[in-house]
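Hi,

Here is the structure I promised to pass on.

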Amino acid sequence: MKKLGIYVHIPFCVRKCAYCDFLSFEGKADKQGPYIGALNREVDIITDKFRIEENDKYEISSIYFGGGTPTSIKESYICDLLCKLITKLRGTGNFAISENIEITLEANPGTLSYEKLVAYKNAGFNRLSIGLQSADNAELNFLSRIHTYEEFKENFLTAYEVGFRNINVDLMTGLPYQSEYNLNRTLDELFALQIRPQHISSYSLIIEKGTEFFDKFGERDEDGKYNGALGAYMPGEELERSMYYFVRNRLIKEGYIQYEISNFAYPGFESVHNSAYWSRQDYIGLGLGASSCINNVRIKNESDLDKYIENPRLIEESVKLESADMMEEFMFLGLRRLSGVSTYEFSTCFNKSMESVFDAPLKKLISEGLMYYDNGRYALTDMGIDYGNYCFSQFLMVR
């Protein structure tokens, strides 16, 4: 039975963060009800489609509500949608729900309450992903976050009180004006909590075009420096790498296992949903601009909010992946995992050896000290992680 993940996109926020380039909107209260109505129609359409067209059963291993900020809208919208989704999946006959299904809800501090958390828990959510980013209130304010560290702490402990036992916390490094001293204070605050998060995602800030931060800081030039008016206040590449290793070493010392470049977990709490992406499992994306990949066909939903509300299964893009595309993805997605990529799994998927396809880049990266081979697996070294984008690009095949 093939495993399948489901992603549900909720594109609404209380306020757009200064660094965010996701498909999301500030406010739009008048659109939230119609949007949820469209999502409910899309659930009907996609489950009925599988009832007709699919012969093999899928086991649903994860459901992930992301955004935007799903917890910024009425909890009844979210809870009722999850209940309908599970009911429809069970009713098709083509889906089995895993006994250990992971059902994640993204949340931002400042949008949670005891009553909301109880409702989410009762609806079936068993994992939260809370965007802390920093325990420094000045940094949070500069990022345009709507919350303080104190609000995060209250929300986090309340989530545990109502029964959530699998909680991820997001952290950001490489922030403007950030120092290792401030970063250490954030980790100190996090580990001083009575209950520790079971999972931590630590990402370096990437400044994207179209964001408020891009207007302020610009983009990196060939020397690795930001060229905007405030670019001098962004940490350089060396300090960014130092921050990455500072966080990594601290988390490992505290008992977390690093299983992906940016993700750390206590044993048994690795993200099922994200791990499915890195291993190229099939997934369905529901909602505005959401992507799906089923049987190596990649589909992207309509990205215009009004058009989506009118017709929730308008397809903006549909691409049949060729064998070369799949092999590329196998490598650069799989190499994000600390365990790397398996030569056995590659040969099973593609009926040819990894070395017969990628012999030159494998040898090159090993000779450069960026990759190593051990017991049937290729993985990045620490230096390879530092130059991850360069390493991944070596597996793009010339068409």
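Counting a salt bridge as a side-chain nitrogen of Lys or Arg within 4 Å of a carboxyl oxygen of Asp or Glu, the total comes to 20 salt bridges. Before the details, a word on the source: this is a predicted model, where local features need pLDDT of at least 70 and side-chain atom pairs count only at pLDDT 80 or more, while totals for chains, interfaces and linings use all residues. Residues are numbered from 1 along each chain as its sequence is written, and side-chain values use heavy atoms, with hydrogens and water left out.

**Salt bridges**

One of the pairs is Arg 313 with Glu 42, whose closest N and O atoms are 2.5 Å apart. This pair links distant parts of the chain, 271 residues apart: Arg 313 sits in the loop between α10 (305-310) and β14 (315-320), and Glu 42 in helix α1 (residues 29-53). Helices (H or I, at least four residues) and strands (E, at least two) are DSSP runs, numbered from the N terminus. Both Arg 313 and Glu 42 are buried; buried means under 20% relative accessible area, exposed over 50%, and partly exposed in between (1.4 Å probe, protein chains only).

Arg 298 and Glu 329 also meet in a salt bridge, at 2.3 Å from N to O. Arg 298 belongs to strand β13 (residues 297-301) and Glu 329 to helix α11 (residues 323-334), so this pair ties together parts 31 residues apart in sequence. Arg 298 is partly exposed at 24% relative accessibility, whereas Glu 329 is buried at 13%. There is a network too: Asp 44, Asp 48, Lys 84 and Lys 88 are joined by salt bridges that share partners.

**Helix α3**

Which residues of helix α3 are buried? In this helix (residues 114-123), they are Lys 116, Leu 117, Tyr 120 and Ala 123. Seen down the axis of α3, the buried residues fall within an arc of 130° (taken from the directions from the helix axis to the C-beta atoms), so they line one face of the helix. Glu 115 and Asn 122, on the other side of α3, are exposed.

**Strand β5**

Phe 95 is found in strand β5 (residues 95-107) and is buried, with a relative accessible area of 5%. The C-alpha atoms of Phe 95 and Met 1 are separated by 9.5 Å, although these residues are 94 residues apart along the chain.

Best wishes
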